[in-house]
Amino acid sequence: MKKIAGFEFELTRNITIGQYVPTGSIIHRMDPRIKLASFTLLVISMAVCATYGGNLLALVLSCLLFYVSRIPISYGLSGVKPAIPFILILAILQLLFYSEVASGGKVLLNYGFIHITTDSIRLVVVSALRFVEIIFLSSVLTLSTSTTQITHGIESLLRPLRTVKFPVHEFALIITIALRFVPTFALEMEKMMKAQASRGAEFGTGAWWRIVQRTKDVFPIIIPLFNVAMSRAEDLVLAMESRCYVPGSQRSVSKKYKAYRTDYAALIFCIVFAIVLLAFPFPY
Amino acid sequence: MAQPLIQVKNLSFEYVVNQTKIGVLHDISFEVSPGEYVVIIGHNGSGKSTLSKQLNGILTPVSGDVIVNGWNTKERSSIREIRQKVGMVFQHPDNQIVATIVEDDVAFGLENLEIPPSEMQERIDFALTAVGMNEFRNRPPHYLSGGQKQRVAIAGILAMKPDCLVLDEATSMLDTHGRNEILKVVRKLNDEGMAIISVTHHMSEAAQASRVIVIEKGRIIMDGAPHKIFQQAEQLKRLHLDVPVASQIARKIQAHYQDFNGTLIHNDEIIKEVVRLSQREVTFF
Amino acid sequence: MTEQPILEVKHLQHIYMKGTPLEHHALSGVSLKINKGECIAVIGHTGSGKSTLIQHVNGLMRPQSGEVVVDGMNLSDPKLDIRLLRRKVGLVFQNPEDQIFEKIIGDDIAYGPFKMGLPIKEVRDRVKWAMEVVGLSFDEMKDRATYALSGGQKRKVALAGVLALRPDILVLDEPTAGLDPRSRNELLEKLKTLNEQEKITIIFVSHNMEEVAYLAGRIYVLADGRNLVEGTPEEVFGEADTLKKHHIGAPDTVEILGQLKAKGFAVRPNAYQLEEAAKEIIAVLRQDGR
């Protein structure tokens with residue numbers, strides 16, 4: 001029997017990008033520029049840190065961030081859930097094929113081409129932990145920062161690039177509009193899939209090797225979606241022009257951000273934390 | 001006589017598709033005074049949307065002129081001033097909101113006008129309060145209803161302090177409740193002195209205007225007070241345009257009860273007329 | 001009456017994102033019972049659950065709790081033939097013209113029947129029937145380009161695309177939203193013909209009360225995912241206060257009569273048809289005059 005469940009069309013409801021949870025916590029109130037810089041620092045240090053101790057510490061910190069930002073940790077967990085199969089597959093691949101890279105440590109199992117050592121175990125566990133940490137971190141960042149703040153933050157951080165004629169402002173506006181339309185297009189696509197399914201279309205059924213057929217199956221979605229996107233873009237251009245937008249011309253900035261002492265304290269904390277993760281000789 | 005806010009003089013416009021010219025507007029002339037409330041009605045394809053886009057220089061005439069507050073829309077140097085004076089709200093609520101937060105969207109036009117940030121906050125407060133969306137200022141737009149999104153779009157225009165608001169079928173995608181929300185806001189703005197030009201095919205909207213212009217095949221075929229326009233029910237019917245229910249009822253009653261005023265177009269007017277007639281009879285006794 | 005209803009919905013519930021912090025109750029126990037050949041309006045304020053409800057009728061959503069039975073097919077049955085169900089129930093979404101994806105009108109309408117695997121002759125017959133029934137001439141229009149059509153005509157094409165499945169039940173979400181008066185009236189007439197002459201059961205969602213009054217034989221009013229009022233237009237529009245409380249309008253006729261009634265005039269406030277309403281007012285005026 002074909003799998004046709006009801007919820008296969010519910011796309012939007014699973015998109016968490018741009019879902020801002022306003023709790024007004026200290027993390028929410030941070031200057032977006034400093035917040036962005038701090039989080040980037042943390043993510044980089046976690047991605048590089050390869051010890052058990054360091055990663056456990058990082059995991060504790062990322063859980064703590066949920067507490068401080070007063071966002072239920074279930075948001076973070078629901079971000080991890082869809083990644084679990086991916087993490088598992090990665091773990092198996094690492095276990096089977098990365099033994100050459102991580103060949104140090106004690107040999108635990110040696111059977112045919114399977115070659116498991118304490119180091120390869122560590123690689124697997126640390127990668128999984130990294131995944132969870134980074135998902136948690138980016139969840140806290142996006143849930144506690146409005147997309148506008150993120151784009152303003154990016155714009156400010158990229159401002160030095162203006163000296164090399166990089167159109168920083170236009171770039172930020174493009175990001176804003178893109179983020180603005182993510183939920184709109186997700187809804188649109190959901191509606192389109194449902195509408196075509198109502199006319200007898202089927203998606204993702206049939207044998208996988210019939211690529212041509214399966215590609216053709218998505219035409220009834222892609223073509224109208226493209227048309228709708230084009231007409232939306234046309235409308236948007238008119239609306240922007242009507243509001244005196246002239247590309248490339250001078251504009252003022254609506255929000256001035258001011259960094260407070262707490263912001264700098266947070267940044268310094270993140271720098272110290274990153275240094276600890278990278279440089280501290282954790283015993284494991 | 002006050003100087004007209006917008007003067008449309010012998011405006012003609014055509015699109016060129018595959019080297020064939022398709023005439024859309026033919027020799028259209030009218031003026032809009034400050035504080036007027038004009039409704040433009042006509043079918044899809046009658047040219048009414050094209051006409052509305054001429055009013056702030058999005059499109060410019062092929063022949064004839066559109067003059068806004070003394071500036072000709074053909075002179076591109078004053079285009080920013082023209083668009084600041086004549087603000088425009090479009091049909092699709094989703095396609096005119098630029099930012100991811102209500103407040104930032106209202107700021108978009110102000111940023112374009114290079115308003116200093118100190119003044120910006122004040123203007124945003126004013127505009128959001130005027131449309132009753134102040135409590136939603138930190139919301140992302142996709143959590144709002146259609147009517148609320150359109151109110152945000154209006155606020156984005158109001159913050160620029162225009163003299164005239166053009167609504168290009170701004171209520172056609174909304175439900176009754178959403179439409180009434182918008183109409184209430186628009187009526188209030190008009191009471192406060194803002195000129196309104198509303199392109200629509202909802203006759204109930206036409207009934208609340210001070211003037212109705214009917215367009216068919218790119219030409220103005222009627223122009224006058226709503227009471228007068230809706231008296232020509234036969235012609236409107238020939239054009240497949242509706243007449244407000246109140247007006248239809250009034251005429252039906254008048255046909256059987258001659259004292260009843262058949263030119264009424266509002267629900268309230270019907271009530272008043274019934275009250276008036278019944279009271280007259282009471283005093284007669 | 002022992003007649004089997006063609007659609008029965010019992011205590012239907014639906015919760016979006018169940019078990020997450022964003023949990024949202026769209027339907028909290030809705031029941032409908034619709035007989036063959038009826039024309040039913042479902043009305044309610046934005047967020048009342050109308051759209052979620054109609055997506056259950058052709059199996060785009062399955063009941064989380066409660067029951068939906070379409071002509072003997074139970075949607076909770078895991079072995080249900082969903083393709084058969086979707087042929088039985090044609091669902092027309094809001095702004096259906098957005099779904100048109102073929103360049104040629106005839107091809108787009110033929111998409112559904114082709115997907116059903118019908119022989120070419122049968123597909124052609126169905127396209128012809130569907131086009132004629134919505135008022136598009138088959139010979140003239142079938143080879144025309146879809147992009148050059150007006151909004152009203154595009155909507156007719158989209159409607160024909162669903163009708164070509166030859167459904168017994170036609171479900172429409174805001175069928176006339178965004179159309180100009182001429183196209184709207186034409187479409188409403190076509191729907192009436194489909195219901196009366198082609199005997200198709202129609203269920204439509206609308207916020208335009210004039211349209212509901214024109215088309216519907218019976219009305220279900222939803223509020224907050226529950227049944228609020230149901231009955232004939234007279235019965236439902238008689239509950240003007242309840243409707244108002246839930247941000248649902250009434251036809252202008254009902255509004256006027258309601259206000260007169262509130263002022264103490266002896267009118268029937270639910271005489272929603274224009275003629276009737278005028279008669280009511282004339283009667284009041286004559287009475288006072290005597």
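Predicted model: local features only at pLDDT ≥ 70, side-chain atom pairs only at ≥ 80, totals over all residues.
**Exercise 1.** Carry out the corresponding analysis for the side of chain B that touches chain C: which element supplies the largest share?

Solution. 
1. Chain B and chain C each bring 29 residues to their contact.
2. On the chain B side, at least two residues come from each of α6 (176–191), α10 (245–256) and α11 (267–284).
3. The largest share, eight residues, belongs to α11(B).
4. The class count for the side of chain B that touches chain C is 12 nonpolar, 13 polar and four charged residues.

**Exercise 2.** Decide whether B:R76 is buried or exposed, and describe its place in the chain.

Solution. 
1. Find the residue: B:R76 lies in the loop that runs between β5 (71–72) and α2 of chain B.
2. Consider a residue elsewhere in the sequence: B:G57 is 19 residues away along the chain, and its C-alpha atom is separated from that of B:R76 by 8.5 Å.
3. Relate the residue to the record: an unreviewed UniProt entry lists residues 6–242 of chain B as "domain: ABC transporter". Over residues 6–242 the chain is 36% helix and 27% strand, with 28 Å between the end C-alpha atoms.

**Exercise 3.** Explain why the radius of gyration of chain C agrees with that of a compact globule.

Solution. 
1. The C-alpha trace of chain C spans about 70 × 50 × 45 Å along its principal axes.
2. Its secondary structure comprises 12 helices and 10 strands.
3. Buried residues account for 50% of the 290 residues of chain C.
4. Of the contacts in chain C between residues at least 6 apart in sequence, 63% join residues at least 24 apart.

**Exercise 4.** State how many residues form the largest nonpolar core, and which of them have the most contacts inside it.

Solution. 
1. The largest nonpolar core has 188 residues, and those with the most contacts inside it are B:A155, C:A160, C:V171 and C:V221.
2. Apart from this core lies another, of 26 residues, including A:F39, A:M46, A:A58 and A:L129.
3. Take C:A160 as an example: leaving aside residues up to four places away in sequence, C:A160 touches C:I109, C:A130, C:M131, C:V134 and C:L136.

**Exercise 5.** Describe the division of chain A into domains and two of its annotated spans.

Solution. 
1. Chain A is divided into domain 1 (23–167 + 256–284) and domain 2 (184–247). Their C-alpha centres lie 34 Å apart.
2. An unreviewed UniProt entry gives "transmembrane region" for several spans of chain A, among them 166–187 and 264–282.
3. Residues 166–187 of chain A are 91% helix, and their end C-alpha atoms are 33 Å apart.
4. For residues 264–282 of chain A, the helix content is 84% and the end C-alpha atoms lie 27 Å apart.

Technical notes: Residues numbered from 1 in each chain as written. Chains lettered and ligands numbered in written order. Contact = placed C-beta atoms within 7 Å. Helix = DSSP H or I, 4+ residues; strand = E, 2+ residues; numbered from the N terminus. Nonpolar A, V, L, I, M, F, W, Y, C, P; charged D, E, K, R; others polar. UniProt positions renumbered as here; feature names shortened; annotations may be inferred. Core = buried A, V, L, I, M, F, W, Y, C linked by C-beta atoms within 7 Å. Buried ≥ 20, exposed ≤ 12 C-beta atoms within 10 Å, placed from the backbone. Rg over C-alpha atoms; globule rule 2.2 N^0.38 Å. Domains from an automatic or database assignment.
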